[in-house]
Amino acid sequence: MSNTPMAANPLTRAVLEIDEYASGLGWDQPARLFALVDTARLRTEQPSLADRLGLDDESEHSGLTPIEQDEIPTGKPLDEFLATIAWPDAVAGCALTVERLMLPPSAEAQVPQNLDEAALSKWVAEHPERQEVRMTVAVLRDGTRDSALRLREKDSPTEVLTGSDLVPGLAEALSATFEE
């Protein structure tokens with residue numbers, strides 16, 4: 001039985017389900033990409049796959065089923081990788097979970113000027129106020145989006161922040177995977 005909190009919106013439930021899955025894998029994990037498929041459609045069109053995924057009891061599953069995709073290639077920037085994705089029509093949406101370091105807004109004024117990407121990453125990694133965060137962002141074909149943020153220092157299902165505009169840049173990049 002899942003420990004995912006109940007949410008009214010199927011997309012929020014899917015995001016929280018993915019966050020719970022990622023949490024079970026622990027920290028320091030690679031980014032993970034998921035296709036989101038309509039659960040009822042999956043049961044109708046691919047009953048054997050639905051059975052393998054344990055989707056036999058409709059009351060225990062949200063309206064969207066996350067299906068993890070192949071590993072994201074390391075060594076390729078995430079935005080470049082996302083630009084190569086095209087989804088089949090059966091995919092209603094997609095989600096990505098990724099870990100990053102973040103700084104509080106107060107640290108923005110401290111950022112040294114003219115740092116290249118590697119130097120900036122090093123500066124952030126060494127900053128005393130840095131925090132590790134796991135972001136799970138999901139979008140649907142119609143543009144609906146949701147996300148969940150979990151801080152490593154507050155790694156608890158009751159400490160997960162959700163909202164539609166928490167990681168707008170990543171949501172835009174995921175939405176672009178549905179553009180033709």
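Modeller: Gladly. A cavity here is a set of grid points where a 1.4 Å probe fits but cannot get out. The model is predicted, and the count comes to 1 cavity of 30 Å³ or more.

Colleague: What is the volume of the largest cavity, and which residues line it?

Modeller: Its volume is about 50 Å³. Lining residues need an atom within 4 Å of a point, and that holds for Ala22, Leu25, Gln29, Pro30, Arg32, Thr97, Val98, Glu99 and Arg134. Both α1 and β3 give two or more residues to this lining, with the largest share, 3 residues, coming from β3.

Colleague: How does that lining divide into nonpolar, polar and charged?

Modeller: There are 4 nonpolar, 2 polar and 3 charged residues.

Colleague: How do you know that β1 and β2 pair?

Modeller: Two strands pair if there are at least two bridges between them. β1 (residues 32-38) and β2 have 5 bridges, in the antiparallel sense, so they count as paired. One of the bridges joins Leu36 to Pro66 in β2.

Colleague: What is the strand order in the sheet, and why do β2 and β6 stand at the edges?

Modeller: The open sheet of 6 strands runs β2-β1-β3-β4-β5-β6, with antiparallel pairing. β2 (64-68) and β6 (161-163) each have a single partner strand, so one side of each is left without a neighbour in the sheet. The twist averages 20° from one strand to the next.

Colleague: What makes you say that helix α1 packs on the sheet?

Modeller: Contact means heavy atoms within 4.5 Å, and α1 (residues 10-25) touches β1, β2, β3, β4, β5 and β6. The direction of α1 makes about 30° with that of β5. Helix α6 (residues 168-175) packs there too, touching β1, β3, β4 and β5.

Definitions and conventions. Residues are numbered from 1 along each chain as its sequence is written. This is a predicted model: local features need pLDDT of at least 70, side-chain atom pairs count only at pLDDT 80 or more; totals for chains, interfaces and linings use all residues. Side-chain values use heavy atoms; hydrogens and water are left out. Helices (H or I, at least four residues) and strands (E, at least two) are DSSP runs, numbered from the N terminus. Axes are lines fitted to C-alpha atoms, for helices over the stretch in contact, and angles run from 0 to 180 degrees between N-to-C directions. On a 1 Å grid over the protein atoms alone, a cavity is a set of points where a 1.4 Å probe fits but cannot get out, and a pocket is an open set with protein on both sides within 12 Å along at least five of seven lines; lining residues have an atom within 4 Å of a point. Grid points are joined across faces, edges and corners, and a volume is the space filled by probe spheres set on the points. Ala, Val, Leu, Ile, Met, Phe, Trp, Tyr, Cys and Pro count as nonpolar, Asp, Glu, Lys and Arg as charged, and the others, Gly among them, as polar.
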